[in-house]
Amino acid sequence: MNKKITRLRRAKRTRLKIRDLEVTRLTVHKTPRHMYAQVTSSDGAKTLVCASTLDKELRKKMKSTGNIEAAKEVGKLIAQRALEAGITEVAFDRAGFAYHGRIKALAEAAREVGLQF
């Protein structure tokens, strides 16, 4: 079976569980070159805050946007923006990606800033 189809099936299972819990969701997506994170409402209809390696303030700091250091910066930025918006607790939606490497680095950086999940 195709890797992408398998990953999306894992993601769907997680998203259905989060929808049942009715909590705000921190969704991450990674490509070989960039990391994206957004906090959405529990049903996924509205994006509350977002951050990515495409943000101008992050691009000035980093040499490369597809590594663990970049993921940590995105995690810190998304947590800061979420806390400023009054969001303290989220469910972590890793979009079917393994909790490893850049995904893990982003999650741990967000936790260090004060986001709970």
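## Strands side by side

β2 and β3 pair in the antiparallel sense, joined by 5 bridges. Strands count as a pair if DSSP finds at least two bridges between them. Strands (E, at least two residues) and helices (H or I, at least four residues) are DSSP runs, numbered from the N terminus. One place to look is glutamine 38, whose bridge partner in β3 is cysteine 50. The hairpin of β2 and β3 has 6 residues between the strands, and there glycine 44 takes a positive phi near 80°.

A word on the model you are looking at: it is predicted, so local features need pLDDT of at least 70 and side-chain atom pairs count only at pLDDT 80 or more, while totals for chains, interfaces and linings use all residues. Residues are numbered from 1 along each chain as its sequence is written, and side-chain values use heavy atoms, with hydrogens and water left out.

## The whole sheet

Which strands make up the sheet, and in what order? There are 4, arranged as β3-β2-β1-β4 in an open sheet with mixed pairing. β3 and β4 (91–93) stand at the edges with a single partner strand each, so one side of each has no neighbour in the sheet. On average, neighbouring strands are turned by 20° against each other, direction ignored. As a reminder, strands of a sheet pair through backbone hydrogen bonds, either parallel or antiparallel.

β1 and β2 run antiparallel and are joined by 6 bridges. Within this pair, valine 28 has alanine 37 of β2 as its bridge partner. Helix α3 packs on the sheet, where it touches β1, β2 and β3, and its direction makes about 155° with that of β3. Axes here are lines fitted to C-alpha atoms (for helices, over the stretch in contact), and angles run from 0 to 180 degrees between N-to-C directions.

## Helix α3

α3 has 17 residues and reaches 24 Å from its first C-alpha to its last, close to the 24 Å expected at 1.5 Å a residue. That expected span is 1.5 Å times one less than the number of residues. Just after α3, glycine 86 takes a positive phi of about 90°.

Which residues of α3 are buried? They are Ala70, Ala71, Val74, Gly75, Leu77, Ile78, Ala79 and Ala82. Buried means under 20% relative accessible area, exposed means over 50%, and partly exposed lies in between (1.4 Å probe, protein chains only). The cover over the buried residues of α3 includes β1, β2, β3, α2 and α4.

## The nonpolar core

The largest nonpolar core has 27 residues, and Leu26, Val39 and Leu106 touch the most other members. A nonpolar core is a set of buried Ala, Val, Leu, Ile, Met, Phe, Trp, Tyr and Cys residues joined through side-chain atoms within 4.5 Å. Two or more residues come from each of β1 (25–30), β2 (35–40), β3, α3 and α4 (102–113). The largest share, 7 residues, comes from α3.

Not counting residues up to four places away in sequence, leucine 106 touches Val28, Met35, Ala37, Ala71, Val74, Gly75 and Phe92. Contact means heavy atoms within 4.5 Å.

## Salt bridges

How many salt bridges does a search of the whole structure find? The search finds 6. A salt bridge is a side-chain nitrogen of Lys or Arg within 4 Å of a carboxyl oxygen of Asp or Glu. Arginine 81 forms one with aspartate 55, and their closest N and O atoms are 3.1 Å apart. This pair links distant parts of the chain, 26 residues apart: arginine 81 is in α3 (residues 68–84), and aspartate 55 is in the loop between β3 (47–52) and α2 (56–61). Aspartate 55 is buried at 17% relative accessible area, whereas arginine 81 is partly exposed at 22%. Leaving aside neighbours within four places in sequence, aspartate 55 is in contact with Leu77 and Arg81.

Arginine 81 also forms a salt bridge with glutamate 57, with the closest N and O atoms 3.6 Å apart. This pair links α3 to α2 across 24 residues. Glutamate 57 is partly exposed, at 47%. Another salt bridge joins glutamate 73 and lysine 61 (3.6 Å, N to O). Glutamate 73 lies in α3 and lysine 61 in α2, 12 residues apart. Is lysine 61 buried or exposed? Lysine 61 is exposed, with a relative accessible area of 60%, while glutamate 73 is partly exposed at 21%. Elsewhere, salt bridges that share partners join Arg15, Arg25 and Asp93 into one network.
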